[in-house]
Amino acid sequence: MKPSLTLYLAAPRGFCAGVDRAIKIVEMAIEKWGAPVYVRHEIVHNRFVVDGLRAKGAVFVEDLGDCPDDRPVIFSAHGVPKSVPAEAERREMVYVDATCPLVSKVHIEAERHHENGLQMVMIGHAGHPETLGTMGQLPEGEVILVETAEDVATIAPRDPQRLAFITQTTLSVDDTAGIVAALKARFPTIIGPHKEDICYATTNRQEAVKAIADRIDALLVIGAPNSSNSRRLVEVGRAAGCAHAQLVERAADIDWRALEGAGAVGLTAGASAPEVLVNEVIDAFRARFDVTLELVETAREKVEFKVPRVLRQPA
Ligand code: 2E6
Ligand code: F3S
């Protein structure tokens, strides 16, 4: 007899509209131009997605310098510094920008504030491609990065009266509120978005985790170690009181020993994790437990983004 276990499945989970669009862009580019199509950086942070596209003819590189001039190149969903399309244009390359429109919105915000003479503070994670891309919209020194509320005390803006802030789209909603409060306390005239620039998908996936956190003994988040939004889901689960929260890329990564004696487990997936991996994990649970599946839905998402026009036209 298998032990009983309730699996609380969070909704929304998994692919967001920006990820869906970015993957379609690569697939449609291969259909239109044939293989190989180059992709600068993982199109989204998921090995399974990247391997699938590679099998169809995508070639993933970190640097535009590794792409030939005469093949199309796609820029990943996380966005790129301005220098990247500038170089592609200089080399007369065919390129398609798969930057999520909600990241592009932040780029535009930064440019607008810069045109108004404000220096920017960006709340984000150092070295993350989205942060590099967003900071790279403005000249060097125009964007100051802060990662924590403690960082706010240490920055030295040019004119503390003329500042605006922007954020990465995949941050923890609660941690960011603390950083924004610290910025507003130190720089009372700072201008920013209504709350922050965290996207709808990040917000909804964190809310769904909070809704299951007090019913579960453990939380599993399907996502990659380099996926910011997925890692934030693990942190949100822990902050909501779920001591045992694991990030797993797929079923084979599950630490079953840590789940011994668990009667209720929560399951969610980051915005770049495909639903096939969720099903794989559910099947792995069914092989070991007598599973009762409970869907906990905290929001319904209807956001869709169109692919760029160049891919909607015949070759
Ligand atoms: C682009 C922008 C935001 O690491 P991160 O969470 O940013 O990226 P992915 O690829 O895991 O998630 C989708 C995404 C793309 N999020
Ligand atoms: Fe875009 Fe948010 Fe997804 S910024 S790629 S909708 S996680």
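This is a predicted model: local features need pLDDT of at least 70, side-chain atom pairs count only at pLDDT 80 or more; totals for chains, interfaces and linings use all residues.
Me: Which element gives the most residues to the lining of the largest cavity?
Reply: The elements that give two or more residues to this lining are helix H1 (17-33), helix H4 (101-115), helix H8 (200-213) and helix H9 (228-239). The one that gives the most, with 3 residues, is H8.

Me: How many cavities of 30 Å³ or more are there, and what volume does the largest cavity have?
Reply: The count of cavities of 30 Å³ or more comes to 1. The volume of the largest cavity is about 300 Å³.

Me: How many residues of the lining of the largest cavity are charged?
Reply: The lining divides into nonpolar, polar and charged residues. There are 11 nonpolar and 11 polar residues, and the number of charged ones is 1.

Me: Where does ligand 2 sit, and which residues are around it?
Reply: Ligand 2 sits in the largest cavity. The residues around ligand 2 are Cys16, Gly18, Val19, Cys100, Leu102, Thr169, Cys199, Tyr200 and Ala271.

Me: How many residues of the shell around ligand 2 are nonpolar?
Reply: The shell around ligand 2 has no charged residues.

Me: Which domains each give at least three residues to the shell around ligand 2?
Reply: The shell draws on two stretches of domain 1, 4-15 and 199-297, and on residues 17-100 of domain 2. At least three residues come from each of domain 1 and domain 2.

Me: Where is serine 228 placed?
Reply: Ser228 is among the residues that the unreviewed UniProt entry annotates as "binding site". In the model, serine 228 has its place in helix H9.

Me: Where is histidine 128 placed?
Reply: His128 is also among the residues under the "binding site" annotation in UniProt (unreviewed entry). Strand S6 (119-123) and helix H5 (129-135) have a loop between them, and the place of histidine 128 is in that loop.

Definitions and conventions
Residues are numbered from 1 along each chain as its sequence is written. Chains are lettered from A and ligands numbered from 1 in the order in which they are written. Side-chain values use heavy atoms; hydrogens and water are left out. A residue is near a molecule or strand if one of its heavy atoms lies within 4 Å of it. On a 1 Å grid over the protein atoms alone, a cavity is a set of points where a 1.4 Å probe fits but cannot get out, and a pocket is an open set with protein on both sides within 12 Å along at least five of seven lines; lining residues have an atom within 4 Å of a point. A molecule sits in a cavity or pocket if more than half of its atoms lie within 2 Å of its grid points. Ala, Val, Leu, Ile, Met, Phe, Trp, Tyr, Cys and Pro count as nonpolar, Asp, Glu, Lys and Arg as charged, and the others, Gly among them, as polar. Domain bounds come from an automatic or database domain assignment. Grid points are joined across faces, edges and corners, and a volume is the space filled by probe spheres set on the points. Helices (H or I, at least four residues) and strands (E, at least two) are DSSP runs, numbered from the N terminus. UniProt positions are given in the numbering used here, feature names are shortened, and annotations may be inferred rather than shown by experiment.
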